[in-house]
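Reader: I would like to learn how to read the packing of a protein chain. Could you walk me through one?

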Amino acid sequence: LGVLYTEQEEWALARDAFIRAVQAKPHDPDFHRNLGLAFARLEDWDLAARSFEKYIELGQAGQRDGWRLQASALRKAGDTAGARAAYEAGLTALGKQPLAEVMRLALGLASLERDAGNEEAVRKVLETYQPVSRAFREAAAKQEAQPQTVDGYEEAAAIENNLLALY
C-alpha cells in the first residue's frame with residue numbers, strides 16, 4: 001500500500017502505510033528504508049535518519065545505500081558530525097571496492113567536507129578514492145561499449161575531476 005501511495009506522491013499516506021508495515025514486520029529492512037524515504041520526502045530528517053539507521057542495522061550485503069541515505073538525512077538535519085560518521089561507516093564497511101555506492105559515498109563525504117570548509121579533508125578523501133574510481137572506470141570500459149552509461153561511472157569521473165581541480 002505504501003508503494004502505491006509513493007507512486008501517487010502521497011507522502012503522508014505512504015509514511016502511515018510504511019509505519020504499519022514496520023509494526024507488522026519490524027525485521028524487514030526494506031520497510032525501514034521505504035519509511036525513511038517517506039520521512040525524507042516530508043522533510044522530517046531526524047526520523048528519516050533513524051529509519052535508515054534501522055535499515056542499515058537489519059540490512060544485508062546487497063543493501064549498500066543505507067549509509068548514504070542516512071548521511072544525507074543527517075546532513076539535512078544539520079548534524080554534520082553524524083553525517084560524516086555515516087559516510088565513513090559506509091566507506092569502511094564497503095572497503096575500497098570499485099562499486100557505484102563507494103563512489104557516491106566518497107563524493108558525499110568530499111562534498112560535506114567542502115561545505116565545512118575543510119579543504120585538506122576534501123583532498124584526502126579524493127586522493128584516497130581516486131585509484132578506486134580509476135579501477136571502476138577501467139572495469140566499466142572493458143565491459144561496456146559506452147562505459148559512461150554504467151551506474152556510478154559519472155561519480156567515479158567526478159572524483160577524478162574534483163581532485164584535478166584542486167591542483
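Author: What follows goes from the core to a pair of helices, and then to single residues. This is a predicted model, where local features need pLDDT of at least 70, side-chain atom pairs count only at pLDDT 80 or more, and totals for chains, interfaces and linings use all residues. Residues are numbered from 1 along each chain as its sequence is written, and side-chain values use heavy atoms, with hydrogens and water left out.

Reader: Which residues of the largest nonpolar core touch the most other members?

Author: First the terms. A nonpolar core is a set of buried Ala, Val, Leu, Ile, Met, Phe, Trp, Tyr and Cys residues joined through side-chain atoms within 4.5 Å. Buried means under 20% relative accessible area, exposed means over 50%, and partly exposed lies in between, with a 1.4 Å probe and protein chains only. Here the largest core has 42 residues, and L91, V102, M103, Y129 and I159 touch the most other members. At least two residues each come from α2 (11-24), α3 (29-41), α4 (45-58), α5 (66-76), α6 (80-94), α7 (100-115), α8 (119-143) and α9 (153-166). Helices are DSSP runs (H or I, at least four residues), as strands are (E, at least two), numbered from the N terminus.

Reader: What does M103 touch?

Author: Contact means heavy atoms within 4.5 Å. Not counting residues up to four places away in sequence, M103 touches Q97, V132, S133, F136, G152, E155, A156 and I159.

Reader: How should I read a single helix, say α6?

Author: Start with the general idea: an α-helix has 3.6 residues a turn, so residues three or four places apart point the same way. In α6, the buried residues are G82, A83, A86, Y87, G90, L91 and L94. Their cover includes α5, α7 and α8. For length, the expected span is 1.5 Å times one less than the number of residues. With 15 residues, α6 reaches 21 Å from its first C-alpha to its last, close to the 21 Å expected. Just after α6 comes G95, with a positive phi of about 70°.

Reader: And A85, is that residue buried or partly exposed?

Author: A85 is in helix α6 and counts as partly exposed, at 44% relative accessibility.

Reader: How do the axes of α5 and α6 cross?

Author: Two packed helices are described by the angle between their axes and the distance between the axes. Axes are lines fitted to C-alpha atoms, for helices over the stretch in contact, and angles run from 0 to 180 degrees between N-to-C directions. The axes of α5 and α6 come within 7 Å and cross at roughly 170°. Angles under 35 degrees count as roughly parallel, over 145 as roughly antiparallel, 65 to 115 as roughly perpendicular and the rest as oblique. The pair α5 and α6 is therefore roughly antiparallel. On the α5 side, the contact is made by W67, Q70, A71, S72, L74 and R75, and on the α6 side by G82, A83, A86, Y87, A89, G90, A93 and L94. By class, these residues are nine nonpolar, four polar and one charged. In that count, Ala, Val, Leu, Ile, Met, Phe, Trp, Tyr, Cys and Pro are nonpolar, Asp, Glu, Lys and Arg are charged, and the others, Gly among them, are polar.

Reader: Where is Q70, and what is Q70 in contact with?

Author: Q70 belongs to helix α5 and is buried, with a relative accessible area of 11%. Leaving aside neighbours within four places in sequence, Q70 is in contact with A49, F52, E53, I56 and A86.

Reader: Is Y153 buried or exposed?

Author: Y153, in helix α9, counts as buried at 15% relative accessibility. Beyond residues up to four places away in sequence, Y153 touches F136, R137, A140, P147 and Q148.

Reader: Which loop holds E9, and which holds E43?

Author: E9 lies between α1 (2-7) and α2, while E43 is in the loop between α3 and α4. E9 has a positive phi near 55° without being a glycine, and E43, also not a glycine, has a positive phi of about 60°. E9 counts as exposed at 57% relative accessibility, and E43 counts as exposed at 58%.
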